[in-house]
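Please keep the structure open beside the text and find each residue as it is named.

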Amino acid sequence: MSKPLLEVLDRKGQKPPPVWLMRQAGRYLPEYRAMRAQAGGFLKLCLTPKLAAEVTLQPIRRFGFDAAILFSDILLVPYALGQHIWFAEGEGPRLAPIINRGELVRIKKDLDHSRLLPVYEAIAEVKAKLVPSVALLGFCGAPWTVATYMTAGMSTADQAPARLFAYRDPEGFAMLIDVLIESSAEYLARQFEAGVDAVQIFDTWAGVLPPEELQRWSVLPMNRLIAQLRAKVPTAKIIGFPRGVGSGLRAYATDLDLDALGLDWTVDLKFVHEEVQPRLPVQGNLDPLVLVAGGAALDRAIDTILDMLSGGPFIFNLGHGILPETPIAHVEQMLKRIRG
């Protein structure tokens with residue numbers, strides 16, 4: 001049986017388009033909240049294969065999405081590099097920050113795959129339980145985005161710590177980026193070996209960079225990461241998601257060997273339709289807040305996206321992760337609207 005999402009990645013349009021949601025396994029689901037309480041913490045949930053697999057499968061059972069995305073976190077790469085990481089309840093991730101070149105000695109140059117074995121085990125368990133038509137996605141964070149967390153020790157509004165590090169000591173910052181490129185390529189290759197059908201690379205904080213720095217710290221490292229992954233897994237299917245880059249999407253569409261490009265909710269769909277989609281499949285880009293709002297506004301937003309993008313190879317998704325306050329009924333409304 002074919003998988004509609006993989007058909008799109010092979011540049012074959014599907015009607016209706018396949019659909020999945022970023023963070024589709026998460027806090028808006030009561031079954032997820034119960035599982036997280038049972039696990040006793042977010043990191044433990046990510047690193048307990050049976051629980052991570054169950055959380056991955058929950059939205060597939062409830063909604064019948066066309067893809068499951070592994071329940072995990074982009075910060076497992078710095079965790080496997082030896083950086084101290086913890087998750088504060090209600091506050092998000094925390095890391096022991098690396099604020100200059102001298103502190104790079106606190107991380108390893110190679111991944112400790114023993115720390116990531118639970119991830120690979122969870123992939124195998126999910127793969128064994130998915131129906132044949134549903135694709136399984138793995139993922140990692142892009143080098144720039146992961147570096148922003150590693151240097152700040154948390155998420156910040158403008159990622160100033162990483163930007164200052166890169167401005168003050170570009171050679172030192174490049175050393176960190178180099179480690180993340182090689183580690184991320186190896187991590188994704190192992191995910192393919194474990195059973196994923198495709199992967200998404202999240203560059204969530206690409207949009208804080210000015211154009212020249214965007215090229216240096218986002219586009220070029222992504223290019224190197226993709227090349228290294230394809231050297232290990234020549235048939236790898238790869239979706240890139242650079243959030244907030246606007247017309248900078250053109251560089252991701254033309255300079256990177258991607259199979260699809262994810263769009264955030266601020267992107268001009270006319271620009272995408274005319275300049276991006278003719279080059280490669282696209283994915284997105286419903287505003288997560290309109291999914292919270294529901295009603296006629298949600299229907300209009302869905303129709304606009306379908307009208308603009310469903311004529312070519314296209315995967316329906318949000319423009320960022322689903323919000324915890326999203327009503328389940330609105331997800332059902334969305335799916336009914338997309339699938340008719």
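This is a predicted model: local features need pLDDT of at least 70, side-chain atom pairs count only at pLDDT 80 or more; totals for chains, interfaces and linings use all residues.

With a relative accessibility of 1%, C140 counts as buried, because buried means under 20%.

**C140 and its surroundings**
- Leaving aside neighbours within four places in sequence, C140 is in contact with I74, S184, Y187, L188, Q200, I201, F202 and L225.
- Although C140 and Q191 are 51 residues apart along the chain, their C-alpha atoms are separated by 9.9 Å.

- Strand 1 and strand 4 (residues 135–141) run parallel and are joined by 3 bridges, and I69 has L137 in strand 4 as its bridge partner.

**A hairpin**
- Strand 2 (residues 85–88) and strand 3 (residues 92–95) run antiparallel and are joined by 4 bridges, with I85 standing opposite L95 in strand 3.
- These two strands, strand 2 and strand 3, form a hairpin with 3 residues between them, and in the turn G90 has a positive phi of about 80°.

**Helix 12 and its buried face**
- Among the residues of helix 12 (residues 269–276), L269, F271, V272 and V276 are buried.
- Seen down the axis of helix 12, the buried residues fall within an arc of 150°, and therefore they line one face of the helix.
- The cover over the buried residues of helix 12 includes helix 11 (249–255), strand 7 (260–262), strand 8 (282–286) and helix 14 (295–309).
- The N-terminal end of helix 12 is capped by D268, which has a side-chain oxygen 3.0 Å from the backbone nitrogen of K270.

**The largest nonpolar core**
- The largest nonpolar core has 133 residues, of which F65, F173, L286, F316, V331 and M334 touch the most other members.
- Helix 9 gives the most to this core, with 11 residues.
- Not counting residues up to four places away in sequence, L286 touches W265, L291, L298, A301, I302, I305, F316, N317, L318, G319 and M334.

**Two further residues in helices**
- H330 is placed in helix 15 (residues 328–339), and it counts as buried because its relative accessibility is 16%, where buried means under 20%.
- The side chain of H330 reaches the backbone oxygen of V292 at 2.9 Å, and, with residues up to four places away in sequence not counted, H330 touches L291, V292, A293, G294 and L298.
- A194 has its place in helix 9 (residues 170–194), where it touches Y120, I123 and A124, not counting residues up to four places away in sequence.
- From C-alpha to C-alpha, A194 and A34 are 27 Å apart in space, while in sequence they are 160 residues apart.

Key
Residues are numbered from 1 along each chain as its sequence is written. Side-chain values use heavy atoms; hydrogens and water are left out. Contact means heavy atoms within 4.5 Å. A nonpolar core is a set of buried Ala, Val, Leu, Ile, Met, Phe, Trp, Tyr and Cys residues joined through side-chain atoms within 4.5 Å. Buried means under 20% relative accessible area, exposed over 50%, partly exposed in between (1.4 Å probe, protein chains only). Two strands pair if DSSP finds at least two bridges between them. A polar contact is a pair of N or O atoms within 3.5 Å; within protein, one must be able to donate a hydrogen and the other to accept it, and residues adjacent in sequence count only if both atoms are side-chain atoms. The arc is that of the directions from the helix axis to the C-beta atoms.
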